[in-house]
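This briefing goes through one structure, topic by topic. Look at the sequence and the model first, then read on.

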Amino acid sequence: MDTAFLLRILPVLLEGLEITVALTALALVGAAIGGLIVVAGRRSRFAAMRGVTIAYIDVMRNTPVLVQIFILYFGLPEIGLFPEAFACGVIALVLQNSAYAGEIYRAGIESVKRTQTEAALSLGMMPRRALFDIVLPQALRRVLPVLGNQAVVILKDSSIASTISVTELTQAGKLLLDRSAAPYETFFMMAALYLAMAAVLLGGMKLLAWRFPVRT
Amino acid sequence: MEVCRSLLSWVRFEHRASLCLSLVLGFVALVAGLGAAQAEESRLDAILKRDKLIVAVSNSTMPTGFIDESGTHTGFEIEFARLLAKSILGSPDKIEFVVVNAAGRFPAVLSGRVDFGIASATIYPDRAVRLAFTRPYMDSTTFVVVPKDSPIKKIEELDSADVVFGATNTAAMIDRAKRYAPKAKAMYFDTDSAAFQALKSRRVGAVQADSAAAEFQVARSNGAWVKLPGQLGSLNGNALFMKPGDFQLWLCLDTIVGEYTHGSRYDEYQALYRKWFGAEPPPARFYSAK
């Protein structure tokens, strides 16, 4: 392996890495918030709202993010909308991962025993307060490891934005690769950078899990 | 057995240890020697032994390698690769295609997954450090395609901050975009198809593409797109590419390509060229040009 070449390509890959970090961070925040909306819809009192949310979850979870990103990027101009490629990448990742995050939140909420809500209500708490003060804090602690995994999935899926010309880490690598015909060095460096980012993400999640342990 | 046992008891432990070590070293040397001999064996021998070519090709570049309406993988490069199979193995069907995109074509040959590639690869100095190219099987110029109603009428007008200029994410395309339209916003896609889809959806205002692909897309657009007059940059050569270091295979391929483009098989090449590009190929000899 040509180590001098590795060092030469690093600055170019780091430029791509900046875009990957931005893409992932925005998608993470968006999906975390979107997931709350999804879980609210999924647990709604209204059957129509539940139906719409279930349909949304099914569509988003059962279609590839690549197809979604193409529909957004190439399809929206058909109706006169021209969001930037970067925005299309963020939106596609948020749309798909909100569905996953919503189901993760729901699993967490349903894992908290119903007796806890009943106890809170019997103490005179309003249902909303029981949810926010009693159920959600426990549910979120329980799903932190799963959310961490999902965060890594978002990081890796951000590479799909390269197909619509976003020069994130994978696209930067592809451009380098085509010029230099040095796949091993380029892929090795890209993998190392993705691995480092995933380690940071998972480390952060572990820190959160340590700070907010599950109490049984 | 008795003899063996008495012999072993006669040989002192140290001697036995050194004997074992020698045997192990000898075995390692033998294996290494075989490995070296194997490494020196040309891939051409392997091709002849397996009686089949394994070739990296594109399926998203019209008209050189694409899937037609009937689902058939075809194109100029696909059929040219079949001609190579016919020359090497006696049948155009003794070939297996491995579909690659721009990012996957060089790793495919360097990893040894395929014998060589024919996937619109331009001979390029940076690439020549790590890849071996044959002589070109076709010349390729670069044209710029714009919508018919585009305000861009000349190549010089591409260099404007208002222009979004699309291309595939290859080194030559990027260099041309930077050189001839540095003020334009450049967008790079994985395939020609995606770049032209971006033109169709008005994501980009102009697309640069290899002459063959550009002509084909303009012809297919039913008048919606036009080609800007002139070419972008200089003439390129598209060539077969392979892992360097295998002189025998390289020489074989290079010679065959030469025979098609300039020699004994020129008539077959000419027919193929006419079929896919609707034009005459460069003459077999410059002095035979009319």
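How many bridges join strand S8 of chain B to S12(B), and do they run parallel or antiparallel? There are 3 bridges between S8 (residues 142–147) and S12(B), and the two strands run antiparallel. The model is predicted: local features need pLDDT of at least 70 and side-chain atom pairs pLDDT 80 or more, while totals for chains, interfaces and linings use all residues. Residues are numbered from 1 along each chain as its sequence is written, chains are lettered from A and ligands numbered from 1 in the order in which they are written, and side-chain values use heavy atoms, without hydrogens and water.

**Sheets of chain B**

- Strands of a sheet pair through backbone hydrogen bonds, either parallel or antiparallel.
- S8(B) and S12(B) belong to an open sheet of 5 strands with the order S10-S9-S11-S8-S12 and mixed pairing; two strands pair if DSSP finds at least two bridges between them.
- The edge strands of this sheet, each pairing on one side only, are S10 (185–189) and S12 (225–227) of chain B.
- From one strand to the next, the twist averages 30°.
- B:Pro147 has B:Trp225 in S12(B) as its bridge partner.
- Another open sheet in chain B has 3 strands in the order S2-S3-S4, with antiparallel pairing.
- Its edge strands are S2 (60–61) and S4 (73–74) of chain B, and each pairs on one side only.
- Strand S3 (residues 65–67) of chain B is joined to S4(B) by 2 bridges, and these strands run antiparallel.
- In S4(B), B:Thr74 is the bridge partner of B:Phe66.

**Helices of chain A**

- Chain A has 8 helices and 0 strands; helices (H or I, at least four residues) and strands (E, at least two) are DSSP runs, numbered from the N terminus.
- The C-alpha trace of chain A spans about 70 × 45 × 20 Å along its principal axes.
- Helix H3 (residues 65–75) and helix H4 (residues 85–111) of chain A pack at an angle of about 135°, with axes 9 Å apart. That angle makes H3(A) oblique to H4(A).
- Axes are lines fitted to C-alpha atoms, for helices over the stretch in contact, and angles run from 0 to 180 degrees between N-to-C directions.
- Angles under 35 degrees count as roughly parallel, over 145 as roughly antiparallel, 65 to 115 as roughly perpendicular and the rest as oblique.
- On the H3(A) side, the residues that meet H4(A) are A:Val65, A:Gln68, A:Ile69, A:Leu72 and A:Tyr73; contact means heavy atoms within 4.5 Å.
- The residues of this contact divide into 9 nonpolar, 3 polar and no charged. Ala, Val, Leu, Ile, Met, Phe, Trp, Tyr, Cys and Pro count as nonpolar, Asp, Glu, Lys and Arg as charged, and the others, Gly among them, as polar.

**Where chain A meets chain B**

- The contact takes 27 residues from chain A and 28 residues from chain B.
- About 2300 Å² is buried between the chains, and carbon and sulfur atoms give 52% of that area. Buried area is the accessible area (1.4 Å probe) that two parts lose on being put together, summed over both.
- In chain A, A:Phe74, A:Asp178 and A:Arg179 lose the most area to chain B, together 32% of what that side buries.
- Helix H7 (residues 169–180) of chain A and helix H7 (residues 171–180) of chain B have axes that come within 8 Å and cross at roughly 105°. H7(A) and H7(B) are therefore roughly perpendicular to each other.
- A:Leu175, A:Asp178 and A:Arg179 in H7(A) meet B:Ala171, B:Ile174 and B:Asp175 in H7(B).
- This helix contact divides into 3 nonpolar, no polar and 3 charged residues.
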